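Take a first look at the chain below. Then follow the text through it, one region at a time.

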Amino acid sequence: MTLRPRPHHPMRPAWLCRNCAAPWPCSPAQLHLATEFYGHSIALAFYLAANLHDALDDL
């Protein structure tokens, strides 16, 4: 049985990583986003813009 690594998702409203408590997107989250959205930079921009909008609401 292998353990799956915990994902580095944001914890709202503080916007800290749920796994490592670094400001989100932490380094592992940045790497994951870069690989997940490889070749789709516009989609990544929309995803990050939506998260920025949510962060502004949390302020």
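Where is Trp-15 found? Trp-15 sits in the loop between strand 1 and strand 2. The model shown here is predicted. Its mean pLDDT is 93 over the chain, and 98% of the residues score at least 70. Among the elements, strand 1 has the lowest mean pLDDT, at 93. Strand 2 has the highest, at 96.

Stay with Trp-15 for a moment. Its phi is positive, about 60°, although Trp-15 is not a glycine. Most residues other than glycine have a negative phi. Trp-15 also counts as buried, because its relative accessibility of 12% is under the 20% cut-off.

Ala-21 lies in the loop between strand 2 and helix 1. Is Ala-21 buried or exposed? Its relative accessible area is 53%, which is over 50%, so Ala-21 is exposed.

The two loops hold something else. A cis peptide bond joins Arg-12 and Pro-13, with omega at about 5°. Pro-13 is in the loop between strand 1 (10-11) and strand 2 (16-17). Another cis peptide bond joins Trp-24 and Pro-25, and its omega is also about 5°. Pro-25 belongs to the loop between strand 2 and helix 1. For context, most peptide bonds are trans.

Now turn to Trp-24 itself. Which residues does Trp-24 touch, leaving out those up to four places away in sequence? The list is His-8, His-9, Pro-10, Trp-15, Leu-16, Cys-17, Ala-29, Leu-33, Tyr-47 and Asn-51.

Take Pro-10 from that list. Pro-10 is part of strand 1. Its relative accessibility is 17%, under the 20% cut-off, so Pro-10 counts as buried. Beyond four places in sequence, Pro-10 touches Trp-15, Leu-16, Arg-18 and Trp-24. Pro-10 and Ala-45 are 35 residues apart in sequence. In space, their C-alpha atoms are 17 Å apart.

Asn-51 comes from another part of the chain, helix 2 (residues 41-58). Asn-51 is buried, because its relative accessible area is 12%, under the 20% cut-off. Leaving out residues up to four places away in sequence, Asn-51 touches Trp-15 and Trp-24.

How many residues make up the largest nonpolar core? There are seven: Trp-15, Cys-17, Trp-24, Cys-26, Ala-29, Leu-33 and Phe-37. In soluble globular proteins, nonpolar side chains tend to be buried together.

The last stop is the largest pocket. About 190 Å³ of space lies in it. Its lining is made by Pro-7, His-8, His-9, Trp-24, Ala-29, His-32, Leu-33, Glu-36, Phe-37 and Tyr-47. Which element gives the most to this lining? Helix 1 (residues 27-36) does, with four residues. By class, the lining has six nonpolar, three polar and one charged residues.

Trp-24 is a member of the largest nonpolar core. Trp-24 also lines the largest pocket. And a cis peptide bond joins Trp-24 to Pro-25.

Notes:
Residues are numbered from 1 along each chain as its sequence is written. This is a predicted model: local features need pLDDT of at least 70, side-chain atom pairs count only at pLDDT 80 or more; totals for chains, interfaces and linings use all residues. Side-chain values use heavy atoms; hydrogens and water are left out. On a 1 Å grid over the protein atoms alone, a cavity is a set of points where a 1.4 Å probe fits but cannot get out, and a pocket is an open set with protein on both sides within 12 Å along at least five of seven lines; lining residues have an atom within 4 Å of a point. Grid points are joined across faces, edges and corners, and a volume is the space filled by probe spheres set on the points. Ala, Val, Leu, Ile, Met, Phe, Trp, Tyr, Cys and Pro count as nonpolar, Asp, Glu, Lys and Arg as charged, and the others, Gly among them, as polar. A nonpolar core is a set of buried Ala, Val, Leu, Ile, Met, Phe, Trp, Tyr and Cys residues joined through side-chain atoms within 4.5 Å. Buried means under 20% relative accessible area, exposed over 50%, partly exposed in between (1.4 Å probe, protein chains only). Contact means heavy atoms within 4.5 Å. pLDDT is the predictor's confidence in each residue, from 0 to 100.
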